[in-house]
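Visitor: I would like to learn how to read a structure like this one. Please show it, and then we can go through some features in turn.

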Amino acid sequence: MLVDFDIDKFSGKYLIKFNLDQFKGEADYKMAITIVTCVSLDYDLDPEIEVGDIQDICDKTEELGKDVFTFEIGDDGIEVDI
């Protein structure tokens, strides 16, 4: 799975951008969860997301006519930006 990984130089948040074309099946959803979980551990966060949550995010992203969604991970928690 290809992702765009960046660190915001002002806030220090990790930014993980996922492109919808990377999601073909359940294994891809699980990989996204693993990536988010690994990065979240740097802030001692537990994202507590499941396959259904990632599927819902993908569906909402597609519904809004977007190709990419971003997880923002920092001191204040985990957010999803579409």
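Guide: Start with Glu26, which is partly exposed because its relative accessible area is 47%. Buried means under 20% relative accessible area, exposed over 50%, and partly exposed in between, with a 1.4 Å probe and protein chains only. The model is predicted, so local features need pLDDT of at least 70 and side-chain atom pairs count only at pLDDT 80 or more, while totals for chains, interfaces and linings use all residues. Residues are numbered from 1 along each chain as its sequence is written, and side-chain values use heavy atoms, with hydrogens and water left out.

Visitor: With which residue does Glu26 form a salt bridge?

Guide: Side chains of opposite charge can pair when their charged atoms come close. A salt bridge here is a side-chain nitrogen of Lys or Arg within 4 Å of a carboxyl oxygen of Asp or Glu. Glu26 has Lys30 as its partner, with 3.3 Å between the closest N and O atoms. Both residues lie in helix α1, 4 residues apart, or about one turn of the helix. Helices (H or I, at least four residues) and strands (E, at least two) are DSSP runs, numbered from the N terminus. Lys30 is partly exposed, with a relative accessible area of 45%.

Visitor: How many salt bridges does the structure hold?

Guide: There are 4 salt bridges in the structure. One of them joins the side chains of Lys13 and Glu72, at 3.8 Å from N to O. That pair links distant parts of the chain, 59 residues apart: Lys13 is in the loop between β1 and β2, and Glu72 is in strand β3. Lys13 counts as buried because its relative accessible area is 15%. Lys13, Glu72 and Asp76 are linked in a network of salt bridges.

Visitor: How many aromatic pairs are there?

Guide: Rings of Phe, Tyr and Trp (its six-membered ring) pair if their centres lie within 6.5 Å; planes under 30 degrees apart count as stacked, over 60 as edge-to-face and the rest as tilted. The count comes to 8 aromatic pairs. Among them is the edge-to-face pair of Phe18 and Phe71, 6.0 Å centre to centre with 85 degrees between the planes. This pair links distant parts of the chain, Phe18 in strand β2 and Phe71 in strand β3, 53 residues apart. Phe18 is buried, at 1% relative accessible area, and Phe71 is buried, at 2%. Phe23 and Phe69 form a stacked pair, with 5.9 Å between centres and 25 degrees between planes.

Visitor: Which residues form one aromatic cluster?

Guide: The cluster is formed by Phe18, Phe23, Tyr29, Phe69 and Phe71. Phe69 is buried, with a relative accessible area of 0%.

Visitor: Is Thr61 buried or exposed?

Guide: Thr61 counts as buried because its relative accessibility is 0%. Thr61 lies in helix α2, which covers residues 51–63. Contact means heavy atoms within 4.5 Å. Apart from neighbours within four places in sequence, Thr61 is in contact with Leu20, Lys66, Asp67, Val68, Phe69 and Ile82. A polar atom of the Thr61 side chain lies 2.7 Å from the backbone oxygen of Ile57.

Notes:
A polar contact is a pair of N or O atoms within 3.5 Å; within protein, one must be able to donate a hydrogen and the other to accept it, and residues adjacent in sequence count only if both atoms are side-chain atoms.
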